[in-house]
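I am keeping notes on what I looked up in this structure, entry by entry.

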Amino acid sequence: MKTPIRLAVLALALTSCAKGTGGQAAPQEAGTFNPGAAYTGTITVMGIAGVDEVATTRLDLAKAALGGADVKRTEGDLDVQQFLSSVASGSPPDLVYAIRDQIGTFASRGAIIPLGACIEGEQIDVGMYDDAALAQVTLGDEVWGIPEFNQVQITMANAGLLDKAGLTIADVNGSGWENITAAARKLHQNAGGKLKVIGFDSKLPEFLPLWAKANGADLLSEDGRTARLNDPKVVEALTFAAGVYDTQGGFAKVKALRDAADFFGKGNQFAKNELGAMPMEQWYVNVLNDESPKAAMAFDAFRDKEGNPLAYSSGRAWAIPKGAKNPEAACRFAKHMTLVDTWRAAAQARVDLRTKENKPFTGILTGNEQADETIESMLTPGGQPWDTGVKAVYEANDNNFSLPANPAGEEFKKAWQDAANRVLNGQMGPKESLDRAQQEAQAALDKAWAGWTKRTN
Amino acid sequence: MRRRDTRAALLFISPWIIGFLIFTLWPVLYSGYLSLTDYDVINDPNFVGFDNYAALFEDPKIGLAFRNTLIFAAMSVPAQLVVALALALLLNAAARATGFFRTAFFLPKMTPPVAVGILLLMLFNGQSGLINSVLGVFGIDGPSWTTDPGWVKPGLVLMSLWTVGATVIILLAALRAVPQELYDAALVDGAGWWRRTLRVTVPMISPTIFFVVVVDTIGALQSFTEAYTAFFGSGNTTYSNDAALFYVIYLFQQAFEFLHMGYASAMAWVLFIVIMAITVVQVLVSRRYVHYEGRP
């Protein structure tokens, strides 16, 4: 109970110490970024967590490309307050590793610098990056981050349960919404008033953008300025995706069973035959392959109503904070972390490890289209159904979309997630909830864009 | 001599005074200034007068958060007091192993609040949680504690009883201080256990009860960690429940997720005023019901 008091004191102390830096970052000259220069000293990087063989290989290569400078990492995921405070107090890191959604917010507040000069000076070919990933770090015609990694969704299903119900993966891959509802009805099982098997989990609220896009709607206009949360097609998508839970006894029962599952372990929902099908991010294929390799699985891309593969992508990005002491070296480091050769070497390290463990290499989605192609050719077979799963992942990656960068990223996200949650909790109907979310989101966008205009003019 | 003592005393407490001035008073005053500005941590605070306070009245989530917080406080403070007093009375009556039970009751208080939040999700799971399993033994079909908006706050109240141990210890200390002669006299007068408790024990420990009520009320109005962990953070990165949106959670979101430090500061000051007002009311009411020894 005392935590809020401590939190408030910390916040107040923090804010009282903070010194505003004001205004927009002055763009640097391209000439200061020179691909032939060697750097000395130390560059500091904030936000890297969970260093594995892929990260280690890439970090080593990027460090070597600096020509002598050392790299000091702040362990752990990016702490936004710590980062912003460091910028405000004039002692930021040289490079920050953020979730791509955050880049628009950082850029609009002047916490990071535009990378035009860095890209030009270091001769970074931005054409190699995934279009959706690049869009997420582009605001006001400027690129503010170097993107990497992609998370995309595919359809994962329990083949045994599908067979028993006389269904196929095509019934649950999103291409026919009536089929999904029918499948959910057939697959779910109750006993003693309790839900024992979830037929179909539409994974709300997180995948609302995916269901909306599958129905032909975007939650946000391409320029990131206009919310479209109460578009009739979004309302229809939310009505359907939430309605799938109702056919199985309601969201409360589905969530309770989902919460009780050993999601990352051997007792996962597929291994225990507690889940029929769901759209899920690609990394879960690896979890299933590691923890329950004998599970009878079926995979396919998630598909829109026309049967086309579709995925809602997100990932990470490198950004250079305003006031960074060594932006040139930071730019070089970010470039080399995301080069095709670096990714190839990292993938080889993963292949070697997986081979040693007698496990298949299921690929890495890099956010770099050329690197993805290269790595796809390095895949090692894992037999069925895993190879089909990996194929679906690459199909999804080739057909992904993202929410455009905007200066009110967190508030916009909160608005649509709250809208979905109100429906799931039975507090509002889809239309009413999305109408309210539209108002909240548009107000936040208008205010944030006004701030952006004020700062950039 | 007195002046020298004063100087020495001031010298000894000066580290605390300096710490208080720098780390408490100054931030509090500065937050008052920030509440009159538009401030996002990065850029200079922009003076906006009382706009943030005016915006509070137009924000529907403020009303929701206040309602949630007040309902939670109205349920949790009496519940905690009754349970703590019952346990303290039991401990006071126990002849043996009171030390062990005191420790046992206090131990859950040592559980980090974040763990309590996660524990809540497990214990109150609508399908496989312990609470509903026990209710099932009695033929009761337990509710969806973690998703049904009508049951979210009662679940949080029940969970708050987990950490009632500290209050038990405070009340037990007060019970031990009640003079035995008063009980003996009541016994001679023919008063049973219930009457002795109501007419002797409760009046004699009423200052302690008052203290507990004030402190628990302030704590309840600032509730954050358990509800945030269970319904807004941890495993629920996207799922949330409006019924658990307490005032300080909304303040946290405004300050640290949306970077509206000015607005959040205004929220903090409004909460401070509300807590002050409630405490003043409690003090006024206490004059009628709280018995202080030696007071006419």
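This is a predicted model: local features need pLDDT of at least 70, side-chain atom pairs count only at pLDDT 80 or more; totals for chains, interfaces and linings use all residues.

**Entry 1: a helix in chain A**

The buried residues I listed in H11(A) are A:Phe251, A:Ala252, A:Lys253, A:Val254, A:Lys255, A:Ala256, A:Leu257, A:Arg258 and A:Asp259. The helix covers residues 251-260, and nine of its ten residues are buried, so H11(A) is largely enclosed by the rest of the structure. For this I needed the cut-off: a residue counts as buried if 20 or more other C-beta atoms lie within 10 Å of its own.

I then asked what covers the buried residues of H11(A). The cover includes S9, helix H10 (232-246) and helix H17 (409-424) of chain A, together with H5 of chain B.

**Entry 2: where the chains touch**

H5 of chain B sent me to the contact between the chains. I noted that 42 residues of chain B are in contact with 44 residues of chain A. On the chain B side, helix H1 (2-34), helix H5 (113-123), helix H13 (247-257) and helix H14 (261-289) each supply at least two residues. Which of them gives the most to the side of chain B that touches chain A? It is H1(B), with eight residues. Sorted by class, this side of chain B has 20 nonpolar, 16 polar and six charged residues.

Five strands of chain A form an open sheet in the order S8-S9-S10-S7-S11, with mixed pairing. Strand S8 (189-191) and strand S11 (297-301) are the edge strands, and each pairs on one side only. Neighbouring strands of this sheet are turned by 25° against each other on average, direction ignored.

I checked one pair in detail. S8(A) and strand S9 (residues 194-200) of chain A pair in the antiparallel sense over three bridges. A:Asn190 stands opposite A:Leu195 in S9(A).

**Entry 3: another sheet in chain A**

I found another open sheet of five strands in chain A, in the order S2-S1-S3-S13-S6, again with mixed pairing. Why is one side of strand S2 (70-75) and of strand S6 (146-151) left without a neighbour in the sheet? Both stand at the edges and each has a single partner strand, so there is no neighbour on one side. The twist averages 20° from one strand to the next.

Strand S1 (residues 42-48) and strand S3 (residues 95-99) of chain A pair in the parallel sense over two bridges. A:Val45 stands opposite A:Leu95 in S3(A). S1(A) and S2(A) also run parallel, and six bridges join them. Here the bridge partner of A:Met46 is A:Thr74 in S2(A). I also noted the burial of S1(A): five of its seven residues are buried, and the strand is mostly covered.

**Entry 4: chain B as a whole**

I moved to chain B, which has 14 helices and two strands. Its C-alpha trace spans about 75 × 75 × 35 Å along its principal axes. What share of its 296 residues counts as buried? The figure is 35%. Of the contacts in chain B between residues at least 6 apart in sequence, 70% join residues at least 24 apart.

**Entry 5: two helices in chain B**

I picked helix H3 (residues 60-93) and helix H8 (residues 165-176) of chain B. Their axes come within 8 Å and cross at roughly 50°. That angle makes H3(B) oblique to H8(B), and the crossing is right-handed. Residues of H3(B) in this contact include B:Ala84, B:Ala88 and B:Leu91, and those of H8(B) include B:Val168, B:Leu171 and B:Leu172. By class, the contact has ten nonpolar, three polar and one charged residues.

**Entry 6: one residue**

Is B:Leu172 buried or exposed? B:Leu172 has 24 other C-beta atoms within 10 Å and is therefore buried. Leaving aside neighbours within four places in sequence, B:Leu172 is in contact with B:Ala88, B:Leu91, B:Asn92 and B:Arg102. B:Leu172 and B:Ala84 are 88 residues apart along the chain, and their C-alpha atoms are separated by 9.1 Å.

Note on methods:
Residues are numbered from 1 along each chain as its sequence is written. Chains are lettered from A and ligands numbered from 1 in the order in which they are written. Two residues are in contact if their C-beta atoms, placed from the backbone, lie within 7 Å. Helices (H or I, at least four residues) and strands (E, at least two) are DSSP runs, numbered from the N terminus. Ala, Val, Leu, Ile, Met, Phe, Trp, Tyr, Cys and Pro count as nonpolar, Asp, Glu, Lys and Arg as charged, and the others, Gly among them, as polar. A residue is buried if 20 or more other C-beta atoms lie within 10 Å of its own, exposed if 12 or fewer, and partly exposed in between; C-beta atoms are placed from the backbone. Two strands pair if DSSP finds at least two bridges between them. Axes are lines fitted to C-alpha atoms, for helices over the stretch in contact, and angles run from 0 to 180 degrees between N-to-C directions. Angles under 35 degrees count as roughly parallel, over 145 as roughly antiparallel, 65 to 115 as roughly perpendicular and the rest as oblique. A crossing is left-handed if the near helix is turned anticlockwise from the far one by less than a right angle, and right-handed if clockwise.
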